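Biologist: I want to learn how to read a ligand site. Can we take it step by step?

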Amino acid sequence: MEAKVYIVGAGPGDPDLITVKGLRIVERADVVLYTDSLVSEDLVSHAGAHAEVLQSSGMDLEQMVDVMARTVSAGRSVARVHTGDPSVYGAILEQMVLLKQRDIPYEIVPGVSSVFAAAAALGAELTVPDLTQTVILTRAEGRTPVPDREKLRDLASHHCTVALFLSATLAKKVVREFLEAGWSEDTPVAVVQRATWPDQKIVRTTLRELDGALREAGIRMHAMILAGWALDPTLVDRDAHRSKLYDKTFTHGYRKGVAASE
Ligand SMILES: C[S@@+](CC[C@H](N)C(=O)[O-])C[C@H]1O[C@@H](n2cnc3c(N)ncnc32)[C@H](O)[C@@H]1O
């Protein structure tokens, strides 16, 4: 394997949800550096017998980059394993900046983000024809500031599907801002805690009940909140939202519509 840092998405928890490419890198890397609270030990156990396996929780950024730089400069490879997909709230830019300053090559290998694992656990399509064709990935503002032009109230004004990372303790604020954006109190909201882990928990509720439902379920972290009418659990019983893609009368590049071909 090339001497570089592979920034690998581990997926949401289930060790089978890493990509084939990501797993090969974990198996072959000389150093495996992983986010211990959120990456499964089962997955890390695939590291080779020769590999040095390190947890990132006790290290600061400079220490991590030192390990990576030392390893790659010695002609060896590093798998830096992140939860979900590294590009979403993965804090990888700061690693790449320091690696680039030291001329250390790196490559990103994508993973299954928790937003998609949560949708799968719920049996939901996030983009439902005629209902919404947009998903916003965001977070509520807590200790980490969010730019002014990205306030939840403004984002929610699109009335699309909204996926909230890192927001389980901020439900009151989420509800207030969505209501201010004109959402109705009975808008469906689904919360998946530890999606794909053996102790996965699902809570289906409404905007009105969200805060209470999270308290009752004891959910404060590792939770994905999905809000909007695409999360309506009755959609699957109604057959009211068909796409054009498989519509008999709709012609596209790969299939002539019935009307067009007759
Ligand atoms: C630091 S962010 C990392 C996100 C990750 N890069 C991803 O793509 O899923 C951590 C947040 O992601 C969400 N998260 C990560 N793993 C999760 C899981 N298995 N189930 C539900 N939410 C999860 C939660 O909102 C958590 O607070």
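Biologist: Which side chain has an N or O atom 2.8 Å from an oxygen atom of the ligand?

Modeller: First, the ground rules. This is a predicted model, where local features need pLDDT of at least 70, side-chain atom pairs count only at pLDDT 80 or more, and totals for chains, interfaces and linings use all residues. Residues are numbered from 1 along each chain as its sequence is written, and side-chain values use heavy atoms, with hydrogens and water left out. A polar contact is a pair of N or O atoms within 3.5 Å. Here the side chain is that of S113.

Biologist: How many residues surround the ligand?

Modeller: Count a residue as near if one of its heavy atoms lies within 4 Å. That gives 17, and the closest are V88, S113, S114, A195 and A223.

Biologist: What classes make up that shell?

Modeller: Asp, Glu, Lys and Arg count as charged; Ala, Val, Leu, Ile, Met, Phe, Trp, Tyr, Cys and Pro as nonpolar; the others, Gly among them, as polar. The shell has 10 nonpolar, 5 polar and 2 charged residues.

Biologist: Why does the ligand lie between the domains?

Modeller: Domain bounds come from an automatic or database assignment. Domain 1 (5-109) and domain 2 (114-237) both give residues to the shell, so the ligand lies between them. The C-alpha centres of the two domains lie 29 Å apart. With contact meaning heavy atoms within 4.5 Å, 11 residues of domain 1 touch 11 of domain 2.

Methods
A polar contact is a pair of N or O atoms within 3.5 Å; within protein, one must be able to donate a hydrogen and the other to accept it, and residues adjacent in sequence count only if both atoms are side-chain atoms.
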